[in-house]
Amino acid sequence: MPRIGIQAVKGTITLALPLIALAFVAEFFLPAALARLATLYLIYVTAVVGMQIYSGNSGIISFGHAGFMAVGAYGASLLTIQPAVMSTSLPDLPVWLAGIAGGQPLLVGMLGALLVVGVVAALFGLPLSRLGGAAASIATLGFLVIIHVTLVASADITRGTQTFFGVPRGVSTLTALPVALIAVAVARIYRDTRGGLSLRAAREDEIAARASGVNVVRQRFLAWVLGGLVSGAAGVLLAHFLGAFSPKDFHFNLTFLLMAMLILGGISTVSGAVGGTALIVVMVDLLRRLEGGAEVFGLQLPQVFGLTDIGVGLVILAVMYRLRDGLFGLREVDERLFPEPVVKATPPAQSGASDNVSLAIEGVGCRFAGLVALDDVSFAVRPGLVTGLIGPNGAGKSTLINAISGVVPPSSGRVLLNGTDTALVPVHEVPTRGLGRTFQNIRLFRNLTVLENVIVAADAVAGPGEDSRAAAMAALAVVGMQDLASRPATSLPYGAQRRLEIARALALRPSFLLLDEPAAGMNPAETDALISVLRQIQAAHRIGLLVVEHDLKLIMRLCDRIVVLNKGQMIAEGTPEEIRANPAVIEAYIGKRRAAA
Ligand SMILES: Nc1ncnc2c1ncn2[C@@H]1O[C@H](COP(=O)(O)OP(=O)(O)OP(=O)(O)O)[C@@H](O)[C@H]1O
C-alpha cells in the first residue's frame, strides 16, 4: 500500500478544485470554442502531469512522453474506430487485429491502450532506468524516435504517415475532467509516497540516496511506467478529441509544447505542471490568432509565420532567466498554503545495535588504475565502541569508508557485515543491513526539507505500518535538530548540515556508523556539540562508530580504539595511549605534524 499522507490529499484537493470549476464553467457557460480550449487544457494537463511524475521526481528531462501519447492514441483508436469506416481507412488490417478492432466504447479503448502502454513502458524502462542524467534524457529521445518510426512503418495498422481517421470524437470537457483529476491525484500522491520521495532524493544526490537505502533503478522504473500510463491516457483523450491524427502530431512539436508547459510551471511540482500548462495553452491560443493575422483595435496585423513557437520559446527563456525552478518553484502550492505541522518526537532511550553484530575488514585492497590506494587492510569495528581511523592526506581513509559501505568495491579482500560479504549485496542494501555512513564532502538532498532528508532513510528500513515520519523526528531529536525539520536542507549552516547527515544515517537504525570527517569545517563550539552527540549515540544506541578525522584532539577524546593508515597500509591499531606511543605512527603522521609546528 502506498503511503497516502494528509498533505498529498490536501494537495490533490487544492489542484482539483480549479480544474473542476473550469470544466463546469466551460461546459455550461462558455462558447463552444472556449469549451474546446478548456478540454484541450485538461488533456494537456494529463499529459504534462504524466511527464512530471517521471521527470519531476527523477530530475531526468524526458523527450519520450509524446511517444506514450502516440501509443495511447493509436492503441485506443484501433479499438474504438467506427466500424463503417474501418474497411476504408484500414483495408490491410491483420486478421487477428480485425477481430477485436472497431466499435468498442471509449472506456474499453482506454483500458486496452493502457495495457499496451504499460507493456511498452516496462520493456523500454528496464534498460532506461539504469541510466541517469543526460544519458537517460538522450535515451528517452531514442524512445520517441523508435515509437515514431514504428508507427510510420506499421502502415497496415496505423496508415503510416497518412491521417488516421474515423475515430469517434467523444471527448468533451466533462469526459476529460475525470481523467485529468485521476492524473493529478496519482501524481500528487505519488510525490509523497516512499517511492516518490526516494526518487526525489536520488534526483538531488544519487550516491547519498543509495547510501540511504534507496533502490534508485527500481524507483526510476516505477516512475517511468506510472508516468507513461498517465501520458498514454492523455493520448487516448487527444485522439478522441481530434477524431483524426497522424504520427507527426505526436512528435517533436508536441514534445516541445509539453516540455514548455512543464518547465514554465516548474518541473519539480504537480502544481507547476498544472499551472504551466494553463499559461502555455492560453498563450499558444492567443499567439496562434496573432500569427494568422488578427485584427486588434481595428488594426489588421500581418501574418507572422512561426510567431507561436518563437513566443513560447521567448517566454520560457525569460522565466528561466529569472526563476530557474519555474513559476511555482520547488514546493507544491499546498505545502505553502497549508504546511503540515511538525510534531516533535522523543528520541528512543535505547535502540539500535545489539552485541551480536559484527563488521570485519579482511585484507581489503583498492587500486585505481595502477595506484594502490589500500593494501591488505584488516581490522574489526566493534559494536558499541568508537574506532578512530586516522592517517595523513591520501592515506586511503575515505577509500576505506567507500569500500566498507560498498560504494567502491574492494579490488581484493572482503568486508563482512554480520558475516555477509558486502560486495555480494546491492549497494542500496548495505545500509538497510545495518551500516549507515556520512560523506567527507557533505551529500544532502539539498532541495528536500530537513525532515524529508531523514524520512528517506527511515522509509528504507520501515516495516509495514511503521511511521517513518515519527522515526525521522526521533533521529533529528538525537542531533538536536527537531526545530529545523521544515527548513530546506540547503538553507542550513555548515555544522547543522553535518549533523543532518548523521541524523539521516541514524534513521537507518544502523548497527555501525561510518563518519567521514564529521568535524571538518566546524568551529570549536560545533565540534564540542558534535562530540556530545556522538557520545550519546554510542551510549544510548550501542552503535559501533568508525570515525575518520584529521582533528587528533577529537580522535583522542572520543575513540576507544584507533586504526592508523599510511600510504594505503595499516601501520598501527590500538588504544589512544598505544597509538600516541607508537613510533611508526609518530614517524608517519604525528611526528610530521609536530615537525611542522
Ligand atoms: N576514484 C579515484 N580514482 C583514482 N584515485 C583515487 C580515487 N579515489 C581516491 N584516489 C586516490 O587514492 C588515494 C587515497 O585517497 P583517499 O581520499 O582515500 O585518502 P584520504 O586518506 O581520505 O585523504 P584525505 O585525508 O586527504 O581525505 C589518493 O592518492 C587518491 O588520490
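## The shell around the ligand

In this predicted model, β4 (371–381) and α17 (397–405) each supply at least two residues of the shell around the ligand. Helices (H or I, at least four residues) and strands (E, at least two) are DSSP runs, numbered from the N terminus. α17 gives the most to this shell, with 3 residues. There are 14 residues around the ligand. Gly394, Lys397, Thr399, Gln440 and His550 come nearest. A residue is near a molecule or strand if one of its heavy atoms lies within 4 Å of it.

By residue type, the shell divides into 5 nonpolar, 7 polar and 2 charged. Here Ala, Val, Leu, Ile, Met, Phe, Trp, Tyr, Cys and Pro count as nonpolar; Asp, Glu, Lys and Arg are charged; the others, Gly among them, are polar.

A polar contact is a pair of N or O atoms within 3.5 Å. Within protein, one atom must be able to donate a hydrogen and the other to accept it, and residues adjacent in sequence count only if both atoms are side-chain atoms. Lys397 has a side-chain N or O atom 2.8 Å from an oxygen atom of the ligand. For Gly394, a polar backbone atom lies 2.9 Å from a ligand oxygen. The side chain of Asn393 places an N or O atom 3.3 Å from an oxygen atom of the ligand.

Taken alone, the ligand exposes 630 Å². The protein buries 60% of that. These areas come from the Shrake-Rupley method with a 1.4 Å probe; for residues, only the protein chains shown count as cover.

## The six-stranded sheet

An open sheet is formed by 6 strands, in the order β8-β9-β10-β5-β11-β12. The pairing is mixed. Two strands pair if DSSP finds at least two bridges between them. β8 (435–437) and β12 (569–574) are the edge strands, and each pairs on one side only. On average, neighbouring strands are turned by 15 degrees against each other, direction ignored. The axes are lines fitted to C-alpha atoms, for helices over the stretch in contact, and angles run from 0 to 180 degrees between N-to-C directions.

## Strand β9

β9 (residues 512–516) runs parallel to β8, joined by 3 bridges. Gly436 has Leu513 of β9 as its bridge partner. β9 also pairs with β10 (residues 544–548) in the parallel sense, over 5 bridges. There, Leu513 is partnered by Leu545.

Of the 5 residues in β9, 5 are buried. Buried means under 20% relative accessible area, exposed over 50%, partly exposed in between (1.4 Å probe, protein chains only). Phe512, Leu514 and Asp516 lie on one side of β9, with Leu513 and Leu515 on the other. Both faces are covered.

## A buried serine in a loop

Ser62 sits in the loop between α2 (32–58) and α3 (65–80). Ser62 is buried, with a relative accessible area of 1%. Its side chain reaches the backbone nitrogen of Gly64 at 3.0 Å.

## The whole chain

The chain has 25 helices and 12 strands. Of its 597 residues, 54% are buried. The C-alpha trace spans about 95 × 55 × 45 Å along its principal axes.

## How to read the values

Residues are numbered from 1 along each chain as its sequence is written, and side-chain values use heavy atoms, leaving out hydrogens and water. In this predicted model, local features need pLDDT of at least 70 and side-chain atom pairs count only at pLDDT 80 or more, while totals for chains, interfaces and linings use all residues.
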